[in-house]
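Hi,

Here is the structure I promised to pass on.

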Amino acid sequence: MRRANKGLALIRFAVYAVSSYAVFLSALVFFPEFQPHLIYINWLRVPWGVNWSNMDGGATEFGFLAGTVRTVKMTTPDNVTLGAWHILPSIKVPQSVRIAVQDEDEVSRDRRFTTELASATRVFLYFHGNAGNRATYHRTDFYKMLQKIGERSHVVAVDYRGFGDSDRHVPSERGVQIDAVTAFDWVTAQGVDASKIVLVGHSLGTGVATWLAHNLTVSRGIHGAGLLLLAAYASMPDAALGYPMMPLLWPFKHHPDIAEKAKSLVGEKWDSANNIKQTGNWPVLLLHGRGDYEILPWQSRALFRNAVSARYGRQTPELSKDLSEFDPTRGPDDVIVSVKPNANYQVRIYPRNEGWLYMSHPVKGDSGKVWYLDVLHAGHNSLGKFQIVDDVIQEWEASIGGVHR
Ligand SMILES: *[C@@H]1O[C@H](CO)[C@@H](O)[C@H](O)[C@H]1NC(C)=O
Ligand SMILES: *[C@@H]1O[C@H](CO)[C@@H](O)[C@H](O)[C@H]1NC(C)=O
Ligand SMILES: *[C@@H]1O[C@H](CO)[C@@H](O)[C@H](O)[C@H]1NC(C)=O
């Protein structure tokens, strides 16, 4: 009797679960305007309670030196106000200057930041992933890596509409695109040449950065310094299909026809796989952790292949992970450098397989180079912790004309 009850309860639960899932899924199909809430997750406002308007933009509490971070406001053409951080390069500041910062008023602070920005050798314009805001811990850690690269590297990290202290609109692909263009135009309006700007994207932000590089190339013929993509996806529908945080489309993963249909119902496209083909000669560096279960590494590999193929004008085959297909030679520091006959790229393998760096052969001078670093132990949010990531970004930065200390 009791067992029968238990069985019944289980069946009832299963029916509830399956029907709620079906109702939820149909709601997403019939009310696609609800999808952005699941994609951008801007309602998850962590860290909570940041005082964006204090003199340090709230940044000293994230470990930046006093007087090195300011909040700036930007207004988009459709009249949305965005909050952003402008972070100065990490350089040894004399104690006297640091003391002077104590009594600085807002006008002199802005003047100091603006003067320093105009003489930047590099500006990293950072587009963050979904959920949280520009102050989320792994993001602030990554800015600290970027501000130490090269001679005078500034970081500008912008919150899209609906995030942080930006106006609370519901984000959408078109809206976020406008935000990205606005942030880029803000930086150049400060007297920074586009050739000094590296667009950086993490996770959802890789679609934004790639779209922006594409947009600037196609619409305005602007060639920036580079495109740095961490944990990139091929397109939003591809990312949604495999996203374990929101495993809504998982049941369709293994049925190619249904999967295609399900993907076509995802309203936000962020089609990086296509956009990256038309990024002119922007140098690209893709970084992806092998332990990333939110966005699987095949998506960065696909972007690498598409970018290299477009720059060569011929198809690049699937990246090989089999050393025997290469012609390995042991280079300095125990690094293996391998060239696959007829491939458009070579591979550098770090000791203990810690990283595989795929590097396109130079084409059209050297400006169109495309690199992809596959990091053995990294996950979705932890790339910035790895020395190998720091080293490869430094090397790439030098190769795209960065000025070194
Ligand atoms: C935020 O910082 C500003 C400037 O320092 C200050 O006037 C304001 O009271 C702070 N707000 C909160 C909620 O602490
Ligand atoms: C822009 O938005 C602000 C409020 O956010 C409003 O006060 C202002 O009138 C708007 N300007 C235009 C031109 O619509
Ligand atoms: C680039 O962005 C601008 C501003 O949002 C837009 O008007 C233009 O259509 C875009 N071009 C392309 C090719 O997407």
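A word on terms before the findings: a residue is called buried under 20% relative accessible area, exposed over 50%, and partly exposed in between, with a 1.4 Å probe and protein chains only. This is a predicted model, so local features need pLDDT of at least 70 and side-chain atom pairs count only at pLDDT 80 or more, while totals for chains, interfaces and linings use all residues. Residues are numbered from 1 along each chain as its sequence is written, chains are lettered from A and ligands numbered from 1 in the order in which they are written, and side-chain values use heavy atoms, with hydrogens and water left out.

Salt bridges first. The structure holds 16 of them, counting a side-chain nitrogen of Lys or Arg within 4 Å of a carboxyl oxygen of Asp or Glu.

One of them joins D78 and R161, with N to O at 2.9 Å. These two come from distant parts of the chain, 83 residues apart: D78 is in the loop between strand 1 (69-75) and strand 2 (81-87), and R161 is in the loop between strand 4 (153-158) and helix 6 (173-189). Helices (H or I, at least four residues) and strands (E, at least two) are DSSP runs, numbered from the N terminus. R161 is buried, at 5% relative accessible area, whereas D78 is partly exposed at 36%.

Another pairs D238 with K263 at 2.7 Å, N to O. D238 sits in helix 8 (residues 236-242) and K263 in helix 9 (residues 256-264), so this bridge ties together parts 25 residues apart in sequence. Both D238 and K263 are buried.

Then there is R348 with E395, where the closest N and O atoms are 2.8 Å apart. Strand 10 (residues 345-349) holds R348 and helix 12 (residues 387-399) holds E395, so the pair connects parts that are 47 residues apart in sequence. R348 is buried, at 14% relative accessible area, and E395 is partly exposed at 32%. There is also a salt-bridge network that links K73, R134, D159 and D165.

Now the ligands. Around ligand 3 you'll find R174, W211, N215, V218 and S219, where "around" means a heavy atom within 4 Å. That shell splits into two nonpolar, two polar and one charged residue. Helix 7 (residues 204-220) gives the largest share, four residues. Ligand 3 has an oxygen atom 2.4 Å from a side-chain N or O atom of N215 and an oxygen atom 2.9 Å from one of R174. A nitrogen atom of ligand 3 is 2.8 Å from an N or O atom in the side chain of S219. On its own ligand 3 exposes 360 Å², and the protein buries 55% of that; accessible areas come from Shrake-Rupley with a 1.4 Å probe, and for residues only the protein chains shown count as cover.

Ligand 1 has N51, S53 and N54 around it. An oxygen atom of ligand 1 lies 2.4 Å from a polar side-chain atom of N51. Taken alone, ligand 1 exposes 360 Å², of which the protein buries 26%.

Last, the surface. F24, V29, F30, F31, F34 and L265 make a nonpolar patch of about 580 Å². Patches are built from residues with over 30% relative accessible area and no salt bridge, joining like charges within 9 Å and nonpolar side chains (Val, Leu, Ile, Met, Phe, Trp, Tyr) within 5 Å. F30 belongs to helix 1 (residues 2-30) and is exposed, with 63% relative accessibility.

Cheers

Terms used. Polar contact = N/O pair within 3.5 Å; in protein donor to acceptor, adjacent residues only side chain to side chain. Nonpolar A, V, L, I, M, F, W, Y, C, P; charged D, E, K, R; others polar.
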